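Please look over the sequence and the 3D view before reading on.

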Amino acid sequence: MRIRLGVVNFLNTRPLVQAFESGGLDHSFDLIYGVPSRCAERLHSGEADVALIPSIEIARGPEPYEICPGVSIASLGPVRSVLLVLKKAPEEIRSLALDPSSRTAIALSRIILQKQYGCVPRVFQSPPEPDRMLERADAALLIGDSALELDPGAYRVLDLGAAWTELTGLPFVYACWTGRSGVLKPGEVRKLVEARALGVRQIPAIAEAFAASHPFPAAFYAAYLSCNIRYDLGDAELEGLRRFYGYALELGLIEKMPEVRFYPGC
């Protein structure tokens, strides 16, 4: 039986799935692509068996989920692809336009603004077009490739990965391989972990291929994948994840503190 695997179609997820797509690793997954929020919807509704979902959505599932040990999308310090684009100083923000693609980034932006800057802005969702967003709001949340390729000389930005580490001293976990209990057997868990290891070694080739159809040179994308994004899920990342859930619960962004449970296999 093949497993329906929800895959996010951002550059920073490429090292997690490159080995599956290239045929470099035999597997029993059917890859289903979408933005992070859509991957979460598919998992919640049963359209996917396992998915790379925003970490906040682990706390919002219809049942307790399990996650693949040792693998995540995370950062320690600047992430470069989760940004608040600012029209005012952070402490003066009264309205915030949100890219709806990642619910974790939405929660993170609200935590940083309230805990670090003492403001609780009015929020609304908007297509990820910074100029149009800033016509209606004091700040705009951008994530993924559109944030990574934003012209840094044209906008004032707050890097939310950097802001989180400044606030907590911890890594931030954006997404994990997540599914219902018992869906993954130990061998399938090991495939996801092995794919991560192979993909990290293939970052130069991933960056080269991506640069062929994007505005920056391969070295730019390789530096992002190697220096800004972390693919581990160790003790520090788990501490950061639990801190995130604690803040989200405190601010009413989730209803209960989730238990972080792992699939067996590593």
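The model is predicted.

**Helix pairs**

Two packed helices are described by the angle between their axes and the distance between the axes. The table gives both values for each pair.

| Helix pair | Axes come within | Crossing angle |
|---|---|---|
| α6 (residues 160-168) and α10 (residues 235-250) | 12 Å | roughly 90° |
| α7 (residues 186-201) and α8 (residues 203-211) | 4 Å | roughly 65° |

Take α6 and α10 to begin with. Their axes cross at roughly 90°, which means α6 is roughly perpendicular to α10. On the α6 side, the contact uses W164, L167 and T168. These residues meet G240, R243, F244 and Y247 of α10. By class, the contact of α6 with α10 holds four nonpolar, two polar and one charged residues.

Now turn to α7 and α8. Here the axes cross at roughly 65°, so α7 counts as roughly perpendicular to α8; that class runs from 65 to 115 degrees. Helix α7 brings G199, V200 and R201 to the contact. Helix α8 brings I203, P204 and I206. The contact of α7 with α8 divides into four nonpolar, one polar and one charged residues.

**A loop residue**

E57 sits in the loop between β3 (50-54) and β4 (65-67). Is E57 buried or exposed? Its relative accessible area is 3%, so E57 is buried; the cut-off for buried is under 20%. Leaving aside neighbours within four places in sequence, E57 is in contact with A40, H44, Y65 and R103.

Terms used
Residues numbered from 1 in each chain as written. Predicted model: local features only at pLDDT ≥ 70, side-chain atom pairs only at ≥ 80, totals over all residues. Heavy atoms only, no water. Axes fitted to C-alpha atoms, helices over the stretch in contact; angles between N-to-C directions. Helix = DSSP H or I, 4+ residues; strand = E, 2+ residues; numbered from the N terminus. Parallel < 35°, antiparallel > 145°, perpendicular 65-115°, else oblique. Contact = heavy atoms within 4.5 Å. Nonpolar A, V, L, I, M, F, W, Y, C, P; charged D, E, K, R; others polar. Buried < 20%, exposed > 50% of the residue type's maximum accessible area, 1.4 Å probe, protein only.
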